[in-house]
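These are my notebook entries on a structure that I had not examined before. I record what I looked up, in the order in which I looked it up.

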Amino acid sequence: MALLEVHNIHTYYDHIHALKGISFELDRGEIVALIGANGAGKTTTLNTISGLRHPREGSIIFDGQPIHHLPAHEIVQLGIAQVPEGRKIFSRLTVMENLDMGAFTRRDRAGIQEDLERVFKLFPRLKERRNQLGGTLSGGEQQMLAIARALMARPRVLLLDEPSMGLAPILVESIFQTITEISQQGMTILLVEQNANMALSVAHRAYVLETGRIVLSGPAAEVRENPQVRAAYLGEA
Amino acid sequence: MKERKVSLGLLLRLGIGLLVLAFFAYRFYGVLARQAYGAETWARLAISGLIIGSVYAVIALGYTLVYGILFMINFAHGEVMMIGAFAGYFVLEAFAASGFSARQPVLAILITFLAGMTVSMLVGISLERIAYRPLRGAPRLVPLISAIGASIFLQNAAQLMFGSMRRTYSNPPALERNVGWVLDVAGKPVSITYTGVLTFAFSVVLMIGLYLLVQRTRLGRAMRAVAENKEAAALMGVDVDRVIANTFAISGVLAGAAGVMWGLHNGIIYHYVGFIPGLKAFTAAVLGGIGNIPGAMLGGIVLGIAESLAPAVLDMPFQLKDVLAFAVLVLVLIFRPTGILGEVLAEEKV
Ligand SMILES: Nc1ncnc2c1ncn2[C@@H]1O[C@H](COP(=O)(O)OP(=O)(O)O)[C@@H](O)[C@H]1O
Ligand SMILES: [Mg+2]
């Protein structure tokens with residue numbers, strides 16, 4: 001049984017039918033990429049998994065348990081953390097306080113301390129800036145903080161929404177390297193990207209989303225070779 | 001074209017500002033030249049302003065906390081204070097009748113405060129649950145109208161339950177009103193009442209307590225996170241509804257404490273007693289920068305002292321105190337809508 005199973009979910013914004021029956025799954029330890037153009041429904045998919053939105057139809061099963069009716073704060077507690085689109089760090093909280101917010105549902109002090117050291121090792125820059133307000137960080141640092149903050153929940157599944165958005169190419173490179181590193185430590189990752197090239201190079205499997213429907217899926221290497229994908233998402237004729 | 005309009009508006013505001021300032025200076029000069037008031041009067045006015053200002057500050061914190069999280073003005077907040085004042089009143093009545101107030105004044109006052117704060121806390125929580133939560137996500141004007149409705153409802157409910165007569169707080173004998181220490185200022189006596197000292201001291205304690213709560217505790221951190229971004233806070237595992245309810249509870253506790261202080265220090269309460277202090281505290285919150293916690297504290301103290309001194313400074317009748325206080329609101333809204341400590345926040349979220 002897969003760790004996270006999404007079955008035929010339909011999500012609406014009032015009358016806008018944003019997700020029109022999406023199904024996919026995540027196995028333990030995988031990086032799965034979800035690619036698609038702007039407005040395809042990638043963020044809606046992640047938010048439906050996280051419980052910020054609820055599907056009108058379909059189900060989401062996490063480790064054997066249906067979670068699609070649960071509120072967002074309970075889903076974090078079960079072990080699904082999200083790095084939201086646009087980072088959404090708390091700009092008037094310090095870096096340290098942002099990380100504490102990441103561990104909000106946890107009470108195990110020793111474990112939290114352990115994870116703090118782990119994320120500081122992953123992102124030494126954050127350690128240097130731990131007493132600075134989140135809003136004073138650069139874009140790249142904010143993305144590091146957003147990822148570190150999500151890791152502080154010690155999740156079993158990490159949802160990443162366009163981590164490369166708005167970053168200089170060299171930073172994109174390093175963020176993706178970090179994602180690979182986190183994956184190698186055993187994390188299961190669902191990676192949403194418009195930067196399909198990058199996403200497909202680190203993912204094991206991929207799904208292609210178009211206007212609320214999955215139109216293609218398979219091993220990342222195969223999806224990458226698909227002529228339509230090459231034309232539409234990899235900028236090749 | 002657009003540039004000209006902006007600079008014209010700026011010029012106009014500058015002009016009005018200078019005129020207002022010149023008028024103030026002229027009136028104040030007259031007062032000083034005539035030596036209309038002695039040093040002891042100024043001292044008395046400043047002290048009473050500081051005391052009332054500290055109460056405004058405590059109430060203003062309630063407006064600012066709720067605004068910080070929901071971007072709405074809880075116009076029923078003054079009524080939450082009024083209900084707390086009544087709760088304290090009935091407890092003190094019972095204590096006075098049984099002689100408990102005379103035997104155990106400290107305990108009696110403590111329990112009175114606890115009663116006022118608890119009742120106001122429950123009113124605050126209910127208010128949010130009944131009048132605001134169902135309207136979450138509606139356009140901003142909708143909860144505002146609901147708040148005004150809740151305010152009218154609470155006033156009328158209090159009138160129905162307690163009647164419309166004015167009631168006098170039965171302070172314990174040890175905490176008699178208008179009794180206190182007497183200072184000597186330029187050879188004249190200036191009294192500092194016990195109730196005034198209690199009010200000021202307890203207000204400061206509440207403000208420090210709130211500051212520590214917001215800055216140092218897990219709930220405080222969650223409140224700040226929710227204030228900044230509700231969805232991001234939810235993604236951290238924060239139960240946003242619960243944090244909002246807690247915010248109303250805290251605002252209610254502060255309002256209840258203010259209500260009891262008002263009763264102990266000023267003596268008179270009735271179903272309408274929350275209205276003017278509520279508006280004043282709202283003014284104070286706007287003056288300090290709505291949504292800003294130190295701003296609410298500063299705004300309350302500044303407004304209290306300003307309204308107390310202004311009639312004397314401007315050589316106007318003391319009855320104009322309230323008018324002058326609300327003139328402050330108008331001036332702030334014209335010249336600095338973000339308030340003294342206001343951040344960009346106030347602008348960007350409105
Ligand atoms: N808050 C919202 N209200 C209404 N419609 C929305 C909202 N968010 C997204 N949508 C719509 O849902 C669809 C999917 O959006 P989204 O999930 O953000 O796409 P993506 O993340 O792939 O760019 C789009 O048509 C978008 O316009
Ligand atoms: Mg998106």
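**Conventions.** I note that this is a predicted model, in which local features need pLDDT of at least 70, side-chain atom pairs count only at pLDDT 80 or more, and totals for chains, interfaces and linings use all residues. Residues are numbered from 1 along each chain as its sequence is written, chains are lettered from A and ligands numbered from 1 in the order in which they are written, and side-chain values use heavy atoms, with hydrogens and water left out.

**Contact between chain B and chain A.** I took contact to mean heavy atoms within 4.5 Å. On that rule, chain B contributes 21 residues and chain A contributes 21 residues. I then looked up the buried area, that is, the accessible area (1.4 Å probe) that two parts lose on being put together, summed over both. Chain B and chain A bury about 2100 Å², with 60% of it on carbon and sulfur atoms. On the side of chain B, E228(B), L235(B) and M236(B) lose the most area to chain A, together 36% of what that side buries.

R224(B) forms a salt bridge with E97(A), and their closest N and O atoms are 2.8 Å apart.

**Helices at the contact.** Helices here are DSSP runs (H or I, at least four residues), and strands are runs of E of at least two, both numbered from the N terminus. Helix 8 (218–228), helix 9 (230–235) and helix 14 (344–349) of chain B each supply at least two residues of the side that touches chain A. Helix 8 of chain B gives the most, with seven residues.

T43(A) lies in helix 1 (residues 42–50) of chain A, and E85(A) in the loop between strand 6 (80–83) and helix 3 (95–102), 42 residues apart.

**S120(B).** I located S120(B) in helix 5 (residues 105–132) of chain B. S120(B) is buried (under 20% relative accessible area; exposed is over 50%, partly exposed in between; 1.4 Å probe, protein chains only), at 0%.

Note on methods:
A salt bridge is a side-chain nitrogen of Lys or Arg within 4 Å of a carboxyl oxygen of Asp or Glu.
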